[in-house]
Amino acid sequence: MSILVFAEHDNSSLKADTLKTVAAAQAIGGDIHLLVAGSNCANVAEEAAKVNGVSKVFIADNPAYEHQLAENVSLLVTELAADYDHILATALTTGKNFMPRVAALLDVAQISDIIAVESADTFVRPIYAGNAIATVQSLDSKKVVTVRPTGFDAVATDGNAEIVSLDTVKDAGISSHVSDEISESERPDLGAASVVISGGRGMQNGDNFKLLEGIADKLGAAIGASRAAVDAGFVPNDMQVGQTGKIVAPDLYIAVGISGAIQHLAGMKDSKIIVAINKDPEAPIFQVADYGLVADLFDALPELESKL
Amino acid sequence: MKILVPIKRVIDYNVKVRVKPDNSNVDLANVKMSINPFCEIAVEEAVRLKEAGTATEIVAVSIGNKSCQEQLRTALALGADRAIQIDTEENLDSLNVAKLLQKVVEEEQPQLVILGKQSIDSDNNQTGQMLAALTGMPQGTFASNVGVEGDKVNVTREVDAGLQTVALNLPAIVTTDLRLNEPRYAKLPDIMKAKRKPLDVKAAADFGVNLDARTTVVKVTPPAERQAGIIVESIDQLVDKLKNEAKVIS
């Protein structure tokens with residue numbers, strides 16, 4: 001069997017989550033090729049060539065792919081797909097955006113957000129915000145699959161794959177990129193951080209999120225938020241952890257002033273250790289926390305920062 | 001312009017689902033059902049575009065058995081002008097849903113199709129993108145802002161790194177994210193009025209689309225339960241546990 005994996009990147013470096021998608025490809029088993037589609041992305045291809053288990057890296061380096069517009073990337077992937085049994089992408093916003101387009105163009109179903117591989121055609125995925133786990137079999141000849149990174153352990157990067165340049169340029173000409181507003185942060189990426197500290201509605205306002213920053217700095221943590229905190233306008237949506245935001249599974253997750261709604265738990269309950277700080281002893285978050293502290297966060301946070 | 005808004009009837013977001021004892025699926029018997037929250041945002045966005053004078057007609061469409069007429073009436077009460085129920089008892093894969101919607105698009109010729117980014121039952125996040133591929137339209141997924149300008153629509157998208165704005169040629173597909181808008185509540189007079197708005201019923205079988213299942217559900221199980229841990233008495237104890245018991249900080 002042969003598997004094509006779409007590489008996540010920002011034209012300068014390969015996203016670490018791609019290593020987890022390759023792990024999913026290894027679980028399926030077969031010859032694994034990576035596709036790097038972007039613009040001025042030679043460095044990404046160099047990094048991709050080192051990913052273990054990958055025998056070939058395709059690089060499609062053209063301005064048409066600079067912003068990985070779904071209309072263009074889906075045409076490229078669909079053409080390449082002719083030679084593969086499986087097409088995989090990471091279930092992040094890029095893959096979620098273009099992969100269903102690929103599936104429809106190939107006239108096959110997509111299996112979204114898998115967390116485990118049962119066999120080459122059968123996959124495990126959460127449904128109902130993670131309140132049920134479905135085992136799904138694809139009946140199509142080609143499998144189009146997106147992979148939830150928290151379900152797989154990253155492969156190593158001491159490989160040496162061949163890099164092949166692709167000349168085909170697919171530009172649908174029906175969409176264009178206007179602008180990006182990238183959230184700048186010195187802290188690690190939410191999806192990649194080994195420690196995450198998140199605030200909820202209990203933080204009361206956006207300014208109070210500063211109370212999390214000192215702790216985050218000491219722990220090398222990323223800062224997240226519950227949907228309630230995002231909906232209340234305290235912080236931007238790219239900080240949201242939950243069913244409708246980012247799915248994280250760090251070694252340590254600290255939930256501060258978060259009650260523990262189902263939709264938040266869906267985004268963090270696979271964390272190794274969960275700490276909850278909440279003044280309401282009845283908050284559902286305590287039912288999933290390894291360590292709970294019933295306290296007013298405005299007292300607890302400064303003390304925690306001073307004692308780390 | 002005409003806007004088409006496909007909507008889905010799903011379990012109400014406040015209801016905690018339970019898996020059936022035979023692990024065949026989740027138990028939806030006697031459970032409260034509602035319009036999928038992201039679809040409700042899609043209806044609201046269409047209504048706002050009509051109120052702003054951009055849109056002239058809003059057509060809501062849903063695929064399912066007769067019970068989804070309830071959600072179509074909700075869409076009509078919120079401001080859709082007419083509705084189409086595509087009647088089927090089958091629980092269709094996203095691709096087959098997209099193929100039926102493609103036929104509706106061919107017939108209705110909307111300039112904009114606004115859908116929810118995902119349904120909160122199957123959590124697939126596929127239908128809008130698949131419909132875009134089948135119709136050859138560009139797509140603005142996970143939208144937090146939609147602005148129609150001439151023959152283009154600018155869509156600001158929620159992406160992992162922040163926000164991305166794209167310009168799409170019309171006709172186009174938009175899928176909604178949470179922050180696009182806050183849907184209004186339907187007022188009683190509007191709910192009454194909605195009962196008289198046109199609602200067409202068409203049989204899915206009449207669309208000439210192969211609706212064979214592309215996937216089978218082997219089993220559905222409850223997620224692994226996480227055990228509650230301990231309540232610590234102080235920050236000192238918490239820091240000690242994290243350092244010496246869990247060994248996640250140094």
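**Figure 1. A:Asp107 in the loop between helix 4 and strand 5 of chain A.** In this predicted model, A:Asp107 lies in the loop that joins helix 4 (93-106) to strand 5 (110-114) of chain A. Helices (H or I, at least four residues) and strands (E, at least two) are DSSP runs, numbered from the N terminus. The phi angle of A:Asp107 is near 60 degrees, which is a positive value in a residue other than glycine. Residues are numbered from 1 along each chain as its sequence is written, and chains are lettered from A and ligands numbered from 1 in the order in which they are written. The model is predicted, with local features needing pLDDT of at least 70, side-chain atom pairs counting only at pLDDT 80 or more, and totals for chains, interfaces and linings using all residues; side-chain values use heavy atoms, with hydrogens and water left out.

**Figure 2. Packing of helix 3 against helix 4 in chain A.** Helix 3 (residues 70-80) and helix 4 of chain A pack at an angle of about 50 degrees, and their axes are 9 Å apart. Helix 3 of chain A is therefore oblique to helix 4 of chain A. Axes are lines fitted to C-alpha atoms, for helices over the stretch in contact, and angles run from 0 to 180 degrees between N-to-C directions. Angles under 35 degrees count as roughly parallel, over 145 as roughly antiparallel, 65 to 115 as roughly perpendicular and the rest as oblique. The crossing of these two helices is right-handed; a crossing is left-handed if the near helix is turned anticlockwise from the far one by less than a right angle, and right-handed if clockwise. Residues of helix 3 of chain A in the contact (heavy atoms within 4.5 Å) include A:Val73, A:Leu75 and A:Val77, and those of helix 4 of chain A include A:Phe98, A:Val102 and A:Leu106. By class, the contact has 8 nonpolar, 3 polar and 2 charged residues. Ala, Val, Leu, Ile, Met, Phe, Trp, Tyr, Cys and Pro count as nonpolar, Asp, Glu, Lys and Arg as charged, and the others, Gly among them, as polar.

**Figure 3. Helix 4 of chain A against helix 4 of chain B.** The axes of helix 4 of chain A and helix 4 (residues 127-135) of chain B come within 7 Å and cross at roughly 50 degrees. The two helices are therefore oblique to each other, and their crossing is right-handed. Among the residues that meet are A:Pro100, A:Ala104 and A:Leu105 from chain A and B:Met130, B:Ala133 and B:Leu134 from chain B.

**Figure 4. The interface of chain A and chain B.** The contact takes 81 residues from chain A and 75 residues from chain B. The two chains bury about 6,500 Å² between them, 55% of it on carbon and sulfur atoms. Buried area is the accessible area (1.4 Å probe) that two parts lose on being put together, summed over both. In chain A, A:Thr93, A:Tyr128 and A:Tyr291 lose the most area to chain B, together 12% of what that side buries. The predictor gives the complex an ipTM of 0.94 and a pTM of 0.92.

**Figure 5. The cis peptide bond at B:Pro171.** The bond from B:Leu170 to B:Pro171 is cis, with omega near 0 degrees. B:Pro171 is placed in the loop between strand 9 (162-169) and strand 10 (172-176) of chain B.
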